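Subject: Structure for you to look at

Hello,

Here is the structure I said I would pass on. Please open it first, then read the notes below it.

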Amino acid sequence: MTPYRISEAKTRYSLIDPQLKRAGWNLSDRTQVGFEIPVSGYDASPSDGITDYCLYRSNGDVLAVVEAKRTSRDPRVGKQQVLDYVTVIEKKQSFRPFAFMANGEDIFFWESDVTAERHVAGFFSRENLERLLFLKQNRLPLNSVQIKSSIVDRAYQIEAIRRIAEAIEKKKRKALLVMATGTGKTRTIMALIDVFLRAHAAQRVLFLADRDALVEQARTDGFKAHLPHESHTRIRTYAIDKTARVYVSTLQTLEICYSQFTPADFDLIITDECHRSIYNKFTDVLAYFDAIEIGLTATPAQYVERDTFKFFECDGPVPAFNYPYEDAVKEEYLAE
């Protein structure tokens with residue numbers, strides 16, 4: 001082995017191995033993790049390349065390939081390598097594996113046939129990758145799913161959902177929704193979540209707020225009322241149920257226990273009154289998760305901090321959808 005490869009092997013053993021263990025991978029179990037596997041036939045000559053790690057599903061298919069580089073190198077220098085690997089492996093199974101590029105400090109996740117690579121806070125678990133594969137193979141266009149009139153029936157609520165859906169279909173992973181108090185924000189978000197679930201664009205959803213009252217309102221007036229058949233739970237630091245589909249939590253609670261989740265444990269995160277929530281310590285909590293993030297606020301758009309627009313990747317100071325108080329009064333949904 002050349003000194004170059006020795007350096008990268010040291011990075012693998014000392015840094016990347018522990019990161020995979022934290023995501024739940026048993027490195028001693030060769031049915032879960034394989035090391036330095038030739039991509040051509042797995043027992044052939046290494047002339048076609050050798051993967052640093054193969055992460056397997058229970059039937060032996062490769063869920064993901066990890067390309068490891070030493071810490072002094074940008075892990076994305078291995079992008080062409082890992083693309084070649086997943087392309088060859090795809091020919092031997094029914095799907096293209098996911099890819100990770102890592103150097104012990106930075107990790108990039110890549111669905112190479114769908115989106116650009118993105119920086120993530122850690123590796124994904126086997127369960128995460130199985131869920132992401134299911135969503136990828138079964139997803140419907142969001143706007144092809146009918147919005148339930150039993151949840152929302154006002155034109156602006158329906159438009160809000162369609163605008164968010166359009167943004168996500170354009171491969172955006174963040175969007176901001178501004179709606180005046182009293183215009184049915186909770187119902188709109190419940191209908192939006194319902195669309196995501198039925199489109200197989202999400203299976204695990206997290207609703208966040210910075211106040212207990214908002215969390216309980218979402219749980220009782222929102223999920224219990226409008227999505228009663230979805231298993232839901234509130235995150236508590238002393239009791240975390242990993243089997244539910246819908247979760248609610250205060251940001252303060254999640255800040256204490258978010259490391260008990262993997263970065264890919266949620267597909268969709270809704271943050272209520274987000275203009276108060278994306279600053280200081282809470283930014284790191286939100287940045288930890290690799291999920292589609294929807295910000296919700298009743299604060300008029302012109303009073304929303306610029307950082308909020310920036311965080312949700314808006315086109316300048318323009319949210320994905322804005323329904324101001326003045327419009328609600330004019331259309332007689334609110335009284336002055």
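The largest nonpolar core has 45 residues, and those with the most contacts inside it are Ile-193, Phe-196, Phe-223, Leu-268 and Ile-294. A nonpolar core here is a set of buried Ala, Val, Leu, Ile, Met, Phe, Trp, Tyr and Cys residues joined through side-chain atoms within 4.5 Å. Helix H5 (residues 185-198) supplies the largest share of this core, eight residues. In soluble globular proteins, nonpolar side chains tend to be buried together.

This is a predicted model, in which local features need pLDDT of at least 70 and side-chain atom pairs count only at pLDDT 80 or more, while totals for chains, interfaces and linings use all residues. Residues are numbered from 1 along each chain as its sequence is written, and side-chain values use heavy atoms, with hydrogens and water left out.

Some terms come up throughout. Buried means under 20% relative accessible area, exposed means over 50%, and partly exposed is in between (1.4 Å probe, protein chains only). Helices (H or I, at least four residues) and strands (E, at least two) are DSSP runs, numbered from the N terminus. Contact means heavy atoms within 4.5 Å.

Beyond its neighbours within four places in sequence, Phe-223 is in contact with Met-190, Ile-193, Phe-207, Ala-218, Pro-228, Val-246 and Val-248.

Strand S7 (residues 174-179) is largely enclosed by the rest of the structure, because six of its six residues are buried. On one side these are Lys-174, Leu-176 and Val-178, and on the other Ala-175, Leu-177 and Met-179, so both faces are covered. Which strands pair with S7? Strands pair if DSSP finds at least two bridges between them. S7 and S12 run parallel and are joined by five bridges, with Ala-175 opposite Ile-294. S7 also pairs in the parallel sense with S13 (residues 321-323), over three bridges; there, Met-179 has Tyr-323 as its bridge partner.

Lys-174 also has its charged end over the ring of Phe-311, 3.8 Å from the centre. The rule is that NZ of Lys or CZ of Arg is within 6 Å of the ring centre and within 35 degrees of the ring normal. Lys-79 likewise lies over the face of Trp-110, at 5.0 Å from the ring centre.

Next, the aromatic rings. Rings of Phe, Tyr and Trp (its six-membered ring) pair if their centres lie within 6.5 Å; planes under 30 degrees apart count as stacked, over 60 as edge-to-face and the rest as tilted. By this rule there are 16 aromatic pairs. Phe-261 and Phe-266 form a tilted pair, because their ring centres are 5.2 Å apart and their planes are at 45°. Phe-261 and Phe-289 form an edge-to-face pair, 6.4 Å centre to centre with 65° between the planes. The latter pair links distant parts of the chain, 28 residues apart: Phe-261 is in the loop between helix H7 (251-257) and strand S11 (268-272), and Phe-289 is in the loop between helix H8 (281-288) and strand S12 (292-297). Both Phe-261 and Phe-289 are buried. One aromatic cluster is formed by Tyr-247, Tyr-258, Phe-261, Phe-266, Tyr-288 and Phe-289.

Leaving out residues up to four places away in sequence, Asn-128 touches Thr-262, Ala-264 and Asp-265.

Regards
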